[in-house]
Amino acid sequence: MINNIKTVFSIKDLENLSGIKAHTIRIWEKRYNVLEPMRTDTNIRLYNIASLQKLLNITLLHEYGYKISKIATFPEEKIPQLVREITTKKNSKNYAINSFKMAMMNFDQELFFNTFDWLISEKSFQEVFKDHFLPLLKELGLLWQSQTISPANEHFMSHLIKQKILIYTESLQILKPTRTDKVFVLSLPMNEVHQIGLLYIQYEILLRGYKAIYLGESMPIENLQDLTRHFNSITFATFMTIQPDPNFVNQYVKLMEQKLLSEDNEIWLMGKMTKHINRENLSERTFVFDSMEETILKL
């Protein structure tokens with residue numbers, strides 16, 4: 001795993017991490033000398049962490065109206081100084097996400113916590129998750145698929161975000177539910193390991209005063225039936241990120257309906273694999289959500 005951690009980056013990696021096209025980066029280098037790449041024997045550009053940090057800062061300044069020609073004249077130390085000066089808590093989205101990216105690339109827990117603390121000092125946890133963690137997680141998936149980041153980078157950041165969700169969730173779990181018309185049971189399909197989406201939905205459920213029972217990953221449908229002997233009016237919620245296999249999603253949902261549905265129970269389905277569900281065949285008590293926001297609106 002350690003051998004797969006990147007310390008140098010291709011220009012394509014920089015494009016993926018910054019959102020600036022490789023062609024534009026080359027122009028900025030050639031015309032304004034804003035980056036100084038290393039070169040292989042075959043003249044291929046390679047960049048270190050410092051170059052990545054500088055490009056992310058330049059990108060932010062450029063978005064705030066600074067021309068590249070002007071940025072190029074600044075002393076090296078002025079660029080991060082300007083970034084700090086122009087960034088406020090009200091317009092902190094890109095700055096915070098870039099800081100989280102650098103924390104991820106450097107395995108820097110202190111930077112992660114400092115950035116989070118800076119955000120949470122004026123925002124609710126809901127706002128931090130929606131405005132910063134959710135876009136970051138979507139981007140991490142693409143960065144991992146394109147091999148711009150290693151599994152170690154992705155796991156490091158995912159664990160820290162999960163840790164924050166759990167901390168804020170625990171503060172709600174100790175409170176007595178104020179709404180008793182239904183109970184939420186949250187679980188993941190067999191071999192599904194991506195918990196963050198479901199963990200955050202649990203937080204939103206608890207925030208609204210409902211009781212939430214979190215059962216976690218790889219939960220057989222047959223075991224979920226046990227809950228029907230303990231509670232009435234259950235909403236069974238699950239996230240399908242990589243499981244079930246697309247060819248078996250509809251069979252899996254049909255089995256959920258057969259085993260779990262009643263006139264009082266519901267099923268909520270979320271995640272990427274739901275795009276393979278044939279919605280015309282679903283029970284009227286089975287709901288499919290295309291986004292986190294759509295799920296939260298249903299609560």
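**Figure 1. The salt bridge between Asp 226 and Arg 229.** In this predicted model, the side chains of Asp 226 and Arg 229 meet in a salt bridge, with a distance of 2.6 Å from N to O. The two partners can be described by their accessibility: Asp 226 is partly exposed, with a relative accessible area of 33%, whereas Arg 229 is exposed, with a relative accessible area of 64%. Side chains of opposite charge can pair when their charged atoms come close.

Figure 2. Glu 15 counts as buried because its relative accessibility is 13%, under the 20% cut-off, while Lys 12, with a relative accessible area of 45%, is partly exposed. In another salt bridge, Lys 101 pairs with Glu 139, and the closest N and O atoms are 2.5 Å apart. Lys 101 counts as buried at 5% relative accessibility, and Glu 139 is partly exposed, with a relative accessible area of 23%. Lys 123, Lys 130 and Asp 131 are also linked, in a network of salt bridges.

**Figure 3. The largest pocket and its lining****.** The largest pocket has a volume of about 1,300 Å³ and is lined by 36 residues, of which Leu 137, Gly 141, His 194, Thr 241 and Lys 272 lie nearest its centre. Two or more lining residues are given by each of helix 8 (125-145), helix 9 (151-173), helix 10 (196-207) and helix 13 (292-298), and the largest share, nine residues, comes from helix 8. By residue class, the lining divides into 15 nonpolar, 13 polar and eight charged residues.

**Figure 4. Helix 3 and its two ends****.** Helix 3 (residues 49-63) has 15 residues and reaches 21 Å from its first C-alpha to its last, which is close to the 21 Å expected at 1.5 Å a residue. Eleven of these 15 residues are buried, so helix 3 is largely enclosed by the rest of the structure; among the buried residues are Ile 49, Leu 52, Lys 54, Asn 57 and Leu 61. At the start of helix 3, a side-chain oxygen of Asn 48 reaches to within 3.2 Å of the backbone nitrogen of Ala 50, and just after the helix, Gly 65 takes a positive phi of about 105°.

**Figure 5. Backbone geometry at Asn 33, Ser 218 and Pro 244****.** Most residues other than glycine have a negative phi, and most peptide bonds are trans. Asn 33, although not a glycine, has a positive phi of about 55°; Asn 33 is found in the loop between helix 2 (22-32) and strand 2 (38-39) and counts as partly exposed at 48% relative accessibility. Ser 218, also not a glycine, has a positive phi of about 50°, lies in the loop between strand 5 (211-216) and helix 11 (221-224), and counts as partly exposed at 26% relative accessibility. A cis peptide bond, with omega of about -5°, joins Gln 243 and Pro 244, and Pro 244 is found in the loop between strand 6 (234-239) and helix 12 (249-260).

Conventions:
Residues are numbered from 1 along each chain as its sequence is written. This is a predicted model: local features need pLDDT of at least 70, side-chain atom pairs count only at pLDDT 80 or more; totals for chains, interfaces and linings use all residues. Side-chain values use heavy atoms; hydrogens and water are left out. Helices (H or I, at least four residues) and strands (E, at least two) are DSSP runs, numbered from the N terminus. The expected span of a helix is 1.5 Å times one less than its number of residues. Buried means under 20% relative accessible area, exposed over 50%, partly exposed in between (1.4 Å probe, protein chains only). A polar contact is a pair of N or O atoms within 3.5 Å; within protein, one must be able to donate a hydrogen and the other to accept it, and residues adjacent in sequence count only if both atoms are side-chain atoms. On a 1 Å grid over the protein atoms alone, a cavity is a set of points where a 1.4 Å probe fits but cannot get out, and a pocket is an open set with protein on both sides within 12 Å along at least five of seven lines; lining residues have an atom within 4 Å of a point. Grid points are joined across faces, edges and corners, and a volume is the space filled by probe spheres set on the points. Ala, Val, Leu, Ile, Met, Phe, Trp, Tyr, Cys and Pro count as nonpolar, Asp, Glu, Lys and Arg as charged, and the others, Gly among them, as polar. A salt bridge is a side-chain nitrogen of Lys or Arg within 4 Å of a carboxyl oxygen of Asp or Glu.
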